[in-house]
Amino acid sequence: MSDPRPTSSATASGPRGLPLIGSTLSFARDPLALLESNAEYGDVVRYEAFGRDLVAFYDPDHVEQVLVSRSDEFWRGEFEHEFSDVIDVEGVLFAEGEEWKRQRLMLQSAFTPDQIRSYADAMVEETVRAIDGWTDGEVVDLEEELSALTLTVLARSLFDLELDEDRGARVRRWVHAMSEYTAREVFGAGALVPGWVPSRTARRFEHATADVRSLVEQLVAERRASGADGDDLLTLLSTGEYPDGTRPSSDEIGDQLMTFLLAGHETTATALTYACWLLAGDDESRERLESELEIVCGDRDPTMADLPELAVTEAIGREAMRLYPPLPFLHREPHEETSIGGYRISPGTTVQLPMYAIHRDERWWDDPDEFRPDRWLEGEGADLPLVADPDDRPEYAYFPFGGGPRHCIGMRFAMTELQLTLATLARRVDLERVTDSIETDVGITLDPGLVEMRVRTK
Ligand code: HEM
């Protein structure tokens with residue numbers, strides 16, 4: 001669907017913002033509202049924030065060009081790399097060019113369909129274990145519970161590791177500190193304060209980072225000492241080689257493990273939290289889900305083999321990520337001057353793909369702000385195949401996992417976990433809303449804040 005390479009250089013309009021700081025303040029106050037209001041200027045919007053020139057693309061065909069068909073013209077860019085420096089995480093998420101390719105090839109072996117299949121039991125068992133820790137009528141902090149759960153699953157499946165409570169808490173403290181730091185100092189009001197001004201949030205984050213670095217070093221040393229030769233990611237990194245025969249350095253191993261600890265659990269926990277909260281407010285979808293589970297699973301927990309038949313479960317996960325994509329925007333930068341849709345973009349300009357706003361664009365979605373899992377389903381009754389691309393919607397009107405060569409390496413892992421965890425939860429408990437409305441904040445993911453839910457065992 002890519003258009004012929006345009007030669008013109010039309011000028012995009014956008015909000016003028018304030019002198020010197022552009023739209024930084026609007027972004028800091030409410031980034032999601034800014035992404036949505038910017039769309040009023042058209043499909044290509046120029047603005048300034050954080051001392052940068054940004055150009056945001058709202059047309060799914062332009063998103064496709066940047067991420068997929070012309071992805072070789074773009075890199076993650078200065079904005080993302082500065083973020084990587086600030087959060088002190090490198091690894092495959094931020095690597096570029098040949099280095100990225102080398103890392104991605106090595107890591108991919110932990111995400112084959114067979115490997116994902118072998119992780120499914122851990123996903124269900126750990127969900128059951130979490131539920132067994134709840135009592136009827138108890139009010140839980142859902143995001144906290146689900147992030148502990150997804151971290152345990154990640155460690156057990158990808159790293160073949162039972163993270164004890166203390167170690168798990170250290171990783172979660174780090175992720176929380178990073179999220180708070182990102183929300184306040186990177187995308188929040190702190191962005192207007194010079195970086196050298198000390199803050200308590202920054203100090204807390206620094207300590208937590210040092211602590212997790214030392215934990216990761218310990219994990220690698222323990223795995224090496226054990227002489228293990230499994231095919232999990234921790235063993236692969238601790239003892240394995242790149243396809244070219246070289247071995248990752250200690251720093252690279254540490255960075256890679258931190259990348260997966262970060263990218264591999266908070267994202268899925270965020271998606272699950274929104275899915276459970278949205279479901280609790282929608283009787284009809286809950287009934288549909290229950291009837292699907294009764295037909296497919298009967299009186300047992302779900303298994304990997306059930307997934308193709310759990311269409312309603314999958315639709316609920318997808319719809320939750322449409323309304324609340326865990327990563328609400330992506331960024332790129334052109335290597336050289338180029339143009340997309342007739343608009344010239346030079347190196348140094350940050351290309352923004354405002355996923356949150358595109359997922360709610362009424363050109364592609366009826367009732368865009370409504371939670372309607374049935375938009376992903378075809379037909380009525382028990383046999384409900386999932387529709388990959390309903391209507392004539394462009395493919396990149398929905399891209400929670402990105403696209404092209406740098407699409408999420410954990411996509412299959414995450415979708416499997418989303419479906420199995422949702423189905424296991426829904427079979428065993430009802431979750432009732434205690435928190436009535438969600439206050440989203442942009443941290444390292446689209447943070448739902450405190451979401452309290454009352455557990456009713458079935
Ligand atoms: C619902 C859960 C998840 C969502 C919504 C999500 C979303 C994304 C997105 C949008 C990207 C692309 C970023 C870009 O192009 O700029 C990405 C990349 C990535 N994700 Fe995920 N992710 C999820 C779960 C996971 C899991 C479970 C893992 C690992 C176990 C993971 C590991 C990664 C890594 C390593 C990358 C970087 C890939 C590369 O640059 O080659 N993610 N994710």
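Me: Which residues of β5 point one way, and which point the other way?
Reply: In a regular strand the side chains alternate between the two faces of the sheet. In this predicted model, His331 and Glu333 of β5 share one direction. The residues that point the other way from β5 are Leu330, Arg332 and Pro334.

Me: How many of the five residues of β5 are buried?
Reply: Buried means under 20% relative accessible area. Both sets of side chains, those pointing one way and those pointing the other, belong to buried residues. The strand is therefore largely enclosed by the rest of the structure, and the count of buried residues in β5 is five of five.

Me: Which residue of β8 is the bridge partner of Arg332?
Reply: β5 pairs with β8 in the antiparallel sense, over three bridges. Arg332 is one of the β5 residues. Its bridge partner in β8 is Val351.

Me: Which residue of β5 is the bridge partner of Trp75?
Reply: β3 and β5 are antiparallel and have two bridges between them. Trp75 belongs to β3, which spans 74-75. The bridge partner of Trp75 in β5 is Glu333.

Me: Which strands stand at the edges of the sheet?
Reply: The sheet is open, with mixed pairing, and its five strands follow the order β1-β2-β8-β5-β3. An edge strand here has a single partner, so one side of it is left without a neighbour in the sheet. The strands at the edges are β1 and β3.

Me: How many of the six residues of β2 are buried?
Reply: β2 is joined to β1 by six bridges in an antiparallel arrangement. It also pairs with β8, in the parallel sense over four bridges. The strand is largely enclosed by the rest of the structure, because the buried residues of β2 number five of the six.

Me: What is the phi of Phe50?
Reply: Most residues other than glycine have a negative phi. Phe50 is in the loop between β1 and β2, a hairpin with two residues between the strands. Its phi is positive although the residue is not glycine, with a value near 55°.

Me: Is Asp160 buried or exposed?
Reply: Asp160 lies in the loop between α7 and α8. Its phi is positive, near 50°. The cut-off for exposed is over 50% relative accessible area. At 52%, Asp160 therefore counts as exposed.

Me: Which of the residues around the ligand come nearest?
Reply: A polar side-chain atom of Arg76 is 2.4 Å from a ligand oxygen atom. For Trp100 the corresponding distance is 2.7 Å, and for Arg104 it is 2.8 Å. The elements giving two or more residues to the shell are α5, α7, α11, α12, β5 and α16. Of the 27 residues around the ligand, the nearest are Arg76, Trp100, Arg104, Arg332 and Cys408.

Me: How many residues of the shell around the ligand are nonpolar?
Reply: The shell around the ligand holds 27 residues. Five of the shell residues are polar and four are charged. The nonpolar residues number 18.

Me: What is the relative accessible area of His265?
Reply: His265 sits in the loop between α11 and α12. Not counting residues up to four places away in sequence, it touches Ser147, Thr150, Leu151, Val171, Arg172, Val175 and Phe260. A polar atom of the His265 side chain is 2.7 Å from the backbone oxygen of Leu261. His265 is buried, and its relative accessible area is 0%.

Methods. Residues numbered from 1 in each chain as written. Predicted model: local features only at pLDDT ≥ 70, side-chain atom pairs only at ≥ 80, totals over all residues. Heavy atoms only, no water. Buried < 20%, exposed > 50% of the residue type's maximum accessible area, 1.4 Å probe, protein only. Polar contact = N/O pair within 3.5 Å; in protein donor to acceptor, adjacent residues only side chain to side chain. Contact = heavy atoms within 4.5 Å. Near = heavy atom within 4 Å. Nonpolar A, V, L, I, M, F, W, Y, C, P; charged D, E, K, R; others polar. Pairing = 2+ DSSP bridges.
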